[in-house]
Amino acid sequence: MHDEIIIRGARLHNLKNVNLSIPKNRLVVLTGLSGSGKSSLAFETLHKEGQRQYLESLGLISYAVSKPEVDSITGLSPSISVDQHLTNRSPRSTVGTATEIFTYLRVLFARIGHRVCLKCGADIPPAYDVSAEADDASDTDSTYPCPQCGAAVPNLSMAHFSFNKPEGACPTCTGLGIQHTANLELLLDPAKSIREGGVLAWDIHEINRYSQTLQTAGDYYGFTFDPAVPIGELGDVQTDILLHGVYSDRFRRHFPAVEPPETASRGRFEGLIPNLIRRYADSVNNPTYRAKLGRLLIEQPCPDCDGMRLRRESRAVTIQGQTIITVSQLPLNNLLDWLNTLESQVSEEAWLITEPVINDLRGRIRHMIEVGLGYLTLDRATPSLSGGEVQRLRLASLLGSSLTGVLYVLDEPTMGLHPRDTALLIGMLRQLRDRGNTVLVIEHDLDMMRAADVLIDMGPGAGQHGGHVVAAGTPDAVAGVAESITGQYLSGRKALPVPPIRRRGNGRTLTIHGARAHNLKNVTVDFPLGMLVAVVGVSGSGKSSLVLDVLGRAADRRYHQASEPPAAHDTITGWEHLSDVVTIDQAAIGRTPRSNAATYTDVFTAIRQTFASLPDARHLDARHFSFNVPGGRCDRCEGAGVLTVNMHFLPDVEVRCPVCRGRRFQDSILQVKYRGLDIAQVLDLTIEEALHWFADVPAVAGKLRLMNEVGLGYLKLGQPATMLSGGEAQRIKLAKELGRRSVGHTLYLLDEPTTGQHPDDIARLLAVLQRLVDASNTVLVIEHSIEVIQAADWLVELGPEGGQAGGYLLGAGTPEDIAANPASLIAPFIRHERERTAVG
């Protein structure tokens, strides 16, 4: 049996004919600069070949998964990929449903939940019926009488505690817990009439058409609708038909005996709010249009369930005074404590029935706490999780399995973790290894590197300058390799410089007063302006709530007329010192493979115009060099370059388009070449290569230079947005912002900008951020990176823990001030890093 995974001749992307032996049953860390070839080797070579061999062993169409560009891989184990991409973005998906913990709670409440008659309030004795486990109400009797008043009491099964099933979902909001309504401030100008443009979205044609319809409706019902009257002065009937339409209960209350008109010519009017909500619901497949409409809407808690998602009878069931809703709102640390008290509080009969369920629940929750997610609640929507949190959720589920002989491939599991929690994570990965598995981790964290059994450093540079194995061996061995940049940081020969003098700022301050969002404990925080400010704290301590949900959303409303209100706080003072606030988060730059760095930054427009101006282009214009619109793109794959194969019970697989062979364009378009390259070949260039190729085209070179400066030189121009990490997406946004003309006094908000970056890449990014501050701006970052924390002028620390145990202001000051604060959790790591680099 092989005790090594042996790779021979790996050549995918920038890999330079890599030969490598990876020992099995070890914790192996793969590191190197961003773009050095780590993901190409780990995910697209090792993991993809593992998938291909698995499909082949099942006798399935192995041609659907092409063999990666490698001569051979022997000793390959079945592989499991644990990446940061969220596959389920449904608002119905929560931490509880994704981990199945909520399923266990549903069993618990269906079996031993205490019920009362909703009519008379009498206690309903528990049945302890095994049928309570049925996840379909059809599997149980429908009702039985209340022992006191005789009212029909429905028998509740598991399905009645699910907001994703009709039996349990609130009928008003269908289990979403929210309802959309229009933001009337953005729809109407009450001082103007319809004729004067009082409905802000209507053009002159819509004004004339809908004015006529509303007047006809008035004739139909017997009232007068005058489109020349200011909207704010309309009567109740006229306001209700304009906003809610003829089919709404709000309007029909005025004419209960009159059936609505059937056609627009007779006065049928949909209403501004129903029309907007309908168009929003119908725009699922058009993200751009949906986002535009979404800015006109406000989310509000459902008026019937008050945002709790479940039917009234399900919300009334309790165990020791807690409903399934209140239990789902507990941080996992507290939920485990609650479960531990049940044995002594429930009856002996109830305990015998529920002990196996509770034991399984405890195990699953403990694994989530062990990977640093104890601050999460079960009702947290999964689309709101960071990439690091998504990956640790999956890791927690793997800890509950008993698989052996598996290759686990993980992508930066320390992302978003406080340095204190990294040691816990390392312990979990060692548990997986000790069960007889090989754990391969792509990582830039120095502590994770030092904990590895084997460290592999890719490089020496990024893109075309990478793709080699620079060093491989124990961490100490790699630290001694002179050519290894990673080794230089491990040994302390190289370190990010600590500024000898901290900036004093411009003497002005932005202050958030009384922040109470989520777990924030009514905190008031001063942010000095004209500095690089870092907000630190353990995961779940309230950093994102303070910076993004309170400050960011308040700024978006003030400076960019956003509709979403800021999270709970009293007020923010100091706005007058700022000209603008720009939030640069890690949200994807696009939801489809058609979006990429070139299209997002608009550099592709300049490239297409360059091609259209070439003599060989003849009658072609820039549109013909786009893969997003008909004209020059391949008709078979519509410019995608791939076709999707439905694998039925397995995930769909993408195969290269047989017509354009993955090149996305028609042959006639590919005949036009700029300096010997066609448009498909240009999209295959890295940003650094394209910068050299288009050096003489200022409109192209300027944007490419900015992306190169923020550390994205290795990225291919055409790399789909769906394949970008959150950190890469954020740096693309940063490059786009740097390309705008600066007016100074701008506040930039960034969420962990060093995500996915090697220490050497962090040095480059820090230089860009410092340059922004030197240009009379303020940069405010949420960070865990000790390198950035040491380089900041000012720190704000929240904590001490995550969830309900967090949300307090632990301290604020220079890194030296925080390092001397006995209440600080980051202080020991600041001191340790300074001691280590001083020795190095």
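Colleague: In what order do the three strands of the open sheet with antiparallel pairing sit?

Modeller: Before we look, remember that this is a predicted model. The general idea is that strands of a sheet pair through backbone hydrogen bonds, either parallel or antiparallel. Here the order is β19-β18-β21, and the pairing is antiparallel. Two of these strands, β19 (523-528) and β21 (571-573), stand at the edges with a single partner strand each, so one side of each has no neighbour in the sheet. On average, neighbouring strands of this sheet are turned by 10 degrees against each other, direction ignored.

Colleague: How many bridges hold β18 and β19 as a pair, and which residue is the partner of threonine 511?

Modeller: Strand β18 (residues 509-515) pairs with β19 over five bridges, in the antiparallel sense. Pick threonine 511 and look across to β19: its bridge partner is aspartate 526. Then find helix α19 (residues 543-560), which packs on this sheet and touches β18, β19 and β21. The direction of α19 makes about 110 degrees with that of β18.

Colleague: Okay, now the sheet with six strands. What is the order there, and what is the pairing?

Modeller: Read it as β22-β25-β26-β20-β27-β28, an open sheet with mixed pairing. The edge places go to β22 (580-584) and β28 (808-813); each has a single partner strand, so one side of each is left without a neighbour in the sheet. From one strand to the next, the twist averages 15 degrees.

Colleague: In which sense do β22 and β25 pair, and which helices pack around there?

Modeller: β22 and strand β25 (residues 746-751) pair in the parallel sense, over five bridges. Another helix, α27 (residues 759-774), lies across β20 (532-536), β25 and β26 (778-782), and runs at about 140 degrees to β26.

Colleague: How many residues are in the largest nonpolar core?

Modeller: The general idea first: in soluble globular proteins, nonpolar side chains tend to be buried together. In this model the largest nonpolar core has 147 residues, and Leu108, Ile607, Phe611, Ile679, Leu704, Leu734 and Val779 touch the most other members. Helix α3 (residues 101-112) gives the most to this core, with nine residues. Zoom in on leucine 734: not counting residues up to four places away in sequence, its contacts are Ile584, Val710, Leu750, Leu765, Leu769 and Leu772. There's also a second, separate core of 31 residues, including Val535, Tyr559, Leu749 and Leu798.

Colleague: Last one: how many residues of strand β14 are buried, and which strands pair with β14?

Modeller: Five of the five residues of β14 (residues 407-411) are buried, so this strand is largely enclosed by the rest of the structure. Leu407, Val409 and Asp411 point one way, while Tyr408 and Leu410 point the other way. Strand β5 (residues 79-82) runs parallel to β14 and is joined to it by four bridges; strand β15 (residues 438-442) pairs with β14 in the parallel sense over five bridges. Valine 409 stands opposite serine 81, and the bridge partner of valine 409 in β15 is leucine 440.

Notes:
Residues numbered from 1 in each chain as written. Predicted model: local features only at pLDDT ≥ 70, side-chain atom pairs only at ≥ 80, totals over all residues. Heavy atoms only, no water. Pairing = 2+ DSSP bridges. Helix = DSSP H or I, 4+ residues; strand = E, 2+ residues; numbered from the N terminus. Axes fitted to C-alpha atoms, helices over the stretch in contact; angles between N-to-C directions. Contact = heavy atoms within 4.5 Å. Core = buried A, V, L, I, M, F, W, Y, C linked by side-chain atoms within 4.5 Å. Buried < 20%, exposed > 50% of the residue type's maximum accessible area, 1.4 Å probe, protein only.
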